[in-house]
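Hello,

Here is the structure I said I would pass on. My notes on it follow below.

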Amino acid sequence: MATLTAEFRAETERIHKEHLALEQLLTDLDVALDRLICYSEVFTDMAGADEVRRCGRLLAQVLPDHCRRGEATLLDRVSDVSPQLRAFCQEMRQEHAVVLARLQRLTATLDELDRAEDLPEAIWHLKDQGKELTAELRRHIAVEERELSGFL
């Protein structure tokens, strides 16, 4: 099968290693989001904000390239194996677009955080967006790893 060349195997191993690194980054982002605390009547603890920004920026740097590389080196090749894999690969491409859009919204929210008029609301919104992104991306990675395990 043409998709199982040494070059293909090397690229799929790279994708797998990137998945592991992304999972660690998602854990770091979740921890930082959990550290953000804001109650309007009590106090604001923004200790996690810089870490959320760092993780968000790093994710914004690596995720688009990872998605493009995964589509070009893995999904494009695997989709030719069978109609079922073709449909699965199309679904993964669509999920990439959804996750990247979520990431853009998160980074925009991070950029606006310091200017928020209602800081407690802005923090809860940021936390919700971040948690939705990490959960969605973790699920996506798990599905990709499981369904493409013969290739990764």
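**Helix 3 and what surrounds it**

Helix 3 has 30 residues, and from its first C-alpha to its last it reaches 44 Å, close to the 44 Å expected at 1.5 Å a residue. Please keep in mind that this is a predicted model. Among the elements of the chain, helix 3 has the highest mean pLDDT (95), whereas strand 2 (residues 43-45) has the lowest (55). Where pLDDT is low, the predicted coordinates should not be read in detail. For the chain, the mean pLDDT is 89, with 91% of the residues at 70 or more.

The buried residues of helix 3 are Leu85, Phe88, Cys89, Met92, Arg93, Glu95, His96, Val99, Leu103, Leu106, Thr109 and Leu110. They pack against helix 1, helix 2 and helix 4.

One of these buried residues is Glu95. The relative accessible area of Glu95 is 11%, so it falls under the 20% limit for a buried residue. Which side chain does the side chain of Glu95 meet in a polar contact? The partner is Arg139, at 2.8 Å. With neighbours within four places in sequence left aside, Glu95 is in contact with Glu136, Arg139 and His140.

**Overall layout**

The secondary structure of the chain consists of 4 helices and 2 strands. From the N terminus on, the order of the elements is α-β-β-α-α-α. Taken along the principal axes, the box filled by the C-alpha atoms is roughly 65 × 25 × 20 Å. The chain has 152 residues, of which 43% count as buried.

**Nonpolar cores**

The largest nonpolar core has 25 residues. Leu29, Leu36, Val52, Leu59, Leu63, Leu126 and Leu137 are the ones with the most contacts inside this core. The elements that give two or more residues to the core are helix 1 (6-35), helix 2 (49-78), helix 3 (83-112) and helix 4 (119-147). Another core, of 12 residues, lies apart from the largest one, and its members include Leu74, Leu85, Val143 and Leu148. Leu85 is also listed among the buried residues of helix 3. As background, nonpolar side chains in soluble globular proteins tend to be buried together.

**Salt bridges**

How many salt bridges does the structure hold? There are 15 salt bridges.

The side chains of Lys131 and Asp34 form a salt bridge, with 2.8 Å from N to O. Lys131 is in helix 4 and Asp34 is in helix 1, so this pair ties together parts that are 97 residues apart in sequence. Lys131 is partly exposed, at a relative accessible area of 29%, and Asp34 is partly exposed as well, at 47%. Both residues also belong to a network of salt bridges that links Asp30, Asp34, Lys131 and Arg138.

Glu51 and Arg54 form a salt bridge in which the closest N and O atoms are 2.7 Å apart. Glu51 has a relative accessible area of 26% and is partly exposed. Arg54 counts as partly exposed too, at 38% relative accessibility.

Arg53 forms a salt bridge with Asp114, the closest N and O atoms being 2.8 Å apart. This pair links distant parts of the chain: Arg53 is in helix 2 and Asp114 is in the loop between helix 3 and helix 4, 61 residues apart. Are the two partners buried or exposed? Arg53 counts as buried because its relative accessibility is 11%, under the limit of 20%. Asp114 counts as exposed because its relative accessibility is 61%, over the limit of 50%. The side chains of Arg53 and Asp114 also make a polar contact, at 2.8 Å. With neighbours within four places in sequence left aside, Arg53 is in contact with Leu110, Leu113 and Asp114. Leu110 is one of the buried residues of helix 3.

Best regards

Technical notes: Residues are numbered from 1 along each chain as its sequence is written. This is a predicted model: local features need pLDDT of at least 70, side-chain atom pairs count only at pLDDT 80 or more; totals for chains, interfaces and linings use all residues. Side-chain values use heavy atoms; hydrogens and water are left out. A nonpolar core is a set of buried Ala, Val, Leu, Ile, Met, Phe, Trp, Tyr and Cys residues joined through side-chain atoms within 4.5 Å. Buried means under 20% relative accessible area, exposed over 50%, partly exposed in between (1.4 Å probe, protein chains only). The expected span of a helix is 1.5 Å times one less than its number of residues. Contact means heavy atoms within 4.5 Å. A polar contact is a pair of N or O atoms within 3.5 Å; within protein, one must be able to donate a hydrogen and the other to accept it, and residues adjacent in sequence count only if both atoms are side-chain atoms. pLDDT is the predictor's confidence in each residue, from 0 to 100. A salt bridge is a side-chain nitrogen of Lys or Arg within 4 Å of a carboxyl oxygen of Asp or Glu.
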